[in-house]
Amino acid sequence: MEMAGSSDIPNMPKSYSLNMFKDFVPMCIFSEENPGKVALEGKVEHKFDMKPHNKNMEEYRKMCRERTNKSMVKNRQIQVIDNDRGMHMRPMPGMIGLIPTNQKEKRKAAVPVKAPEVKRTRRDRGELEDIMFKLFERQPNWALKQLVLETDQPAQFLKEILNDLCVYNKRGSNQGTYELKPEYKKSVEETNAE
């Protein structure tokens with residue numbers, strides 16, 4: 001294939017060899033005339049690879065090298081600002097601490113801050129066990145968070161009592177909840193019968 005006319009780019013090869021391939025996925029070309037109106041323009045049935053002839057290879061290499069060198073040249077400029085006294089560089093009042101400077105601070109800003117928990121006071125163990133039995137009469141399964149809200153007791157203290165009185169469900173439909181041990185269930189049922 002010979003290129004017609006003179007090209008604007010120096011060292012541009014004029015003659016190429018074309019290699020045709022039929023073994024590729026066929027494609028269609030579409031166009032959009034008015035917004036929403038699509039038309040089929042044609043079908044691509046052959047693929048061509050175009051490569052400069054060996055006699056033009058040195059010119060082609062020169063052109064590629066020039067193009068690469070041109071892309072690597074930086075055309076940045078430095079502008080000196082007179083009598084600015086650094087006004088554009090200073091943070092404005094109230095801006096300090098608002099703009100995260102590193103990745104850790106950015107992550108911390110994204111996580112909502114929890115309100116500090118109110119310190120709960122422990123009740124008498126026997127009194128709390130009675131409250132727990134009454135709660136388990138109302139409902140057979142309780143999550144720790146629910147029990148903390150109902151009893152207003154520290155979670156760690158509740159866990160100690162729950163370990164004595166209850167079984168923790170690790171699997172099944174009641175996963176993550178506590179239920180009374182079988183020996184305490186009987187005593188609760190007996191008191192309900194009376």
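Analyst: Among contacts in the chain between residues at least 6 apart in sequence, 52% join residues at least 24 apart, a contact being heavy atoms within 4.5 Å. This is a predicted model, in which local features need pLDDT of at least 70 and side-chain atom pairs count only at pLDDT 80 or more, while totals for chains, interfaces and linings use all residues. Residues are numbered from 1 along each chain as its sequence is written, and side-chain values use heavy atoms, with hydrogens and water left out.

Here is the setting. The chain has six helices and six strands; these are DSSP runs numbered from the N terminus, with helices (H or I) of at least four residues and strands (E) of at least two. Their order from the N terminus is β-β-β-β-α-α-α-α-α-β-β-α. Of the 194 residues in the chain, 15% are buried, where buried means under 20% relative accessible area, exposed over 50%, and partly exposed in between (1.4 Å probe, protein chains only).

Now to your helix. Helix α3 covers residues 125-138, which is 14 residues. From first C-alpha to last it reaches 20 Å, close to the 20 Å expected at 1.5 Å a residue; that expected span is 1.5 Å times one less than the number of residues. Its buried residues are L128, M132, F133, L135 and F136. They sit on the same side of α3 because they cover an arc of only 160° around the axis, taken from the directions from the helix axis to the C-beta atoms. On the face turned away from that buried side you will find the exposed residues K134 and R138.

The buried side leads us to the core. A nonpolar core here is a set of buried Ala, Val, Leu, Ile, Met, Phe, Trp, Tyr and Cys residues joined through side-chain atoms within 4.5 Å. The largest one has 16 residues, and M132, F136, L147, L162, L165 and C166 touch the most other members. The elements that give two or more residues to this core are α3, α4 (144-151), α5 (155-165) and β6 (177-180).

Charged pairs come next. A salt bridge is a side-chain nitrogen of Lys or Arg within 4 Å of a carboxyl oxygen of Asp or Glu, and by this rule the count comes to six. Being four residues apart in the helix, R125 and E129 are separated by about one helical turn. Both are partly exposed, R125 at 31% relative accessibility and E129 at 22%. Another bridge joins the side chains of R138 and E150 at 3.5 Å, N to O. R138 lies in helix α3 and E150 in helix α4, so this pair ties together parts that are twelve residues apart in sequence. R138 counts as exposed at 57% relative accessibility, whereas E150 is partly exposed at 41%. Finally, salt bridges that share partners join R125, E129 and D164 into one network.
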